[in-house]
Amino acid sequence: MYTACGEKELKTLLAIDPGDTIVGVSRKIDENRETIRRIVDRLEAEGYVTYDDGLTVVDDTVRDAGLQLLAASAGVSPPSISEAYVLPQFAGMDFAFTGIDAVYVWTRGGYQVAREPDDYPLFIAVEESDLEAWERFFDLFDIPVSRERQPRGKIDGPLQVVVEPRDLIKAEQVDGRPVISLDETVAFAREHYATFQSALSMLDRMYDEVDSDADYRMEPA
């Protein structure tokens, strides 16, 4: 009738999309694979999830309750930057990291620019039709959402989410994080070459299809 769930159990339940694997869930929430395996085994034994050709949450009301509990705990201990990257996985809507975060994800965290711990925007592409739902979701965690990056003095905390509405989200997966395509990421970096010159060299070394020796248009001074 009642099973105590800790933070990792709640995050596991919230991260599961039908058909997910244990490896996939562990990547989504940046957690050790064996830890998630043990959690899934217990949740399956308790009847919360099934594992047949992939994971499925048996009752979505459990997920809804878990989200509310996680949001309540965030009121006491606000999400860290690393936790903020995981939060969108719990929304149940399509998204992809874009802009600065697309470069960050494709370089596997190797290139970070224009952000500080006390002023940290996350950049995600979302479907236009889901925009209000995303605003409500992040409001649960007191994280402001806007279409443009807000000055630090206009927001209460260090985190904010900058959304890029699109008609449709087409995401690729890098280490469990949905992100815009590598081609689009490289095009963004080339458009802002002065900021991302080093990132382009890094991407060139990491991926055969990236050519950082091409002629780039420098940004005007």
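In the predicted model, L182, V186, F188, A189, R190 and E191 of helix 8 meet Y193, F196, L200 and L203 of helix 9, where contact denotes heavy atoms within 4.5 Å and where helices (H or I, at least four residues) and strands (E, at least two) are DSSP runs numbered from the N terminus. By class, this contact of helix 8 with helix 9 comprises eight nonpolar, no polar and two charged residues, with Ala, Val, Leu, Ile, Met, Phe, Trp, Tyr, Cys and Pro counted as nonpolar, Asp, Glu, Lys and Arg as charged, and the others, Gly among them, as polar. The axes of helix 8 (residues 182-191) and helix 9 (residues 193-206) come within 7 Å and cross at roughly 140 degrees, which makes helix 8 oblique to helix 9. Axes here are lines fitted to C-alpha atoms, for helices over the stretch in contact, and angles run from 0 to 180 degrees between N-to-C directions; angles under 35 degrees count as roughly parallel, over 145 as roughly antiparallel, 65 to 115 as roughly perpendicular and the rest as oblique.

Residues are numbered from 1 along each chain as its sequence is written. Because the model is predicted, local features need pLDDT of at least 70 and side-chain atom pairs count only at pLDDT 80 or more, whereas totals for chains, interfaces and linings use all residues, and side-chain values use heavy atoms, with hydrogens and water left out.

Helix 1 (7-15) is largely enclosed by the rest of the structure, since seven of its nine residues are buried, a term that means under 20% relative accessible area, with exposed meaning over 50% and partly exposed lying in between (1.4 Å probe, protein chains only). The buried residues of helix 1 are E9, L10, K11, T12, L13, L14 and A15, and the elements that cover them include helix 2, helix 3 (33-46), strand 1 (49-51), strand 2 (55-57), helix 4 (60-76) and helix 5 (81-86). With helix 3, the axis of helix 1 comes within 10 Å and crosses at roughly 80 degrees, and the two helices are therefore roughly perpendicular to each other. In this pairing K8, E9, T12 and L13 of helix 1 meet T35, I36, I39, V40, R42 and L43 of helix 3, and by class the contact of helix 1 with helix 3 has five nonpolar, two polar and three charged residues.

Residues up to four places away in sequence being set aside, F90 touches K11, L14, A15, I29, L67, L70 and F137. L70, placed in helix 4, counts as buried at 9% relative accessibility, and beyond four places in sequence it touches E7, K11, L14, F90 and F141. The C-alpha atoms of L70 and I16, which are 54 residues apart along the chain, are separated by 15 Å.

Neighbours within four places in sequence aside, D101 is in contact with Y85, R115, P121, L122 and F123.

In the loop between helix 7 (131-139) and strand 5 (145-146), I143 counts as buried at 6% relative accessibility, whereas D142, found in that loop, is exposed, with a relative accessible area of 64%. Phi of D142 is near 55 degrees, a positive value in a residue other than glycine. D30, in the loop between helix 2 and helix 3, likewise has a phi near 55 degrees and counts as exposed at 61% relative accessibility. Most residues other than glycine have a negative phi.
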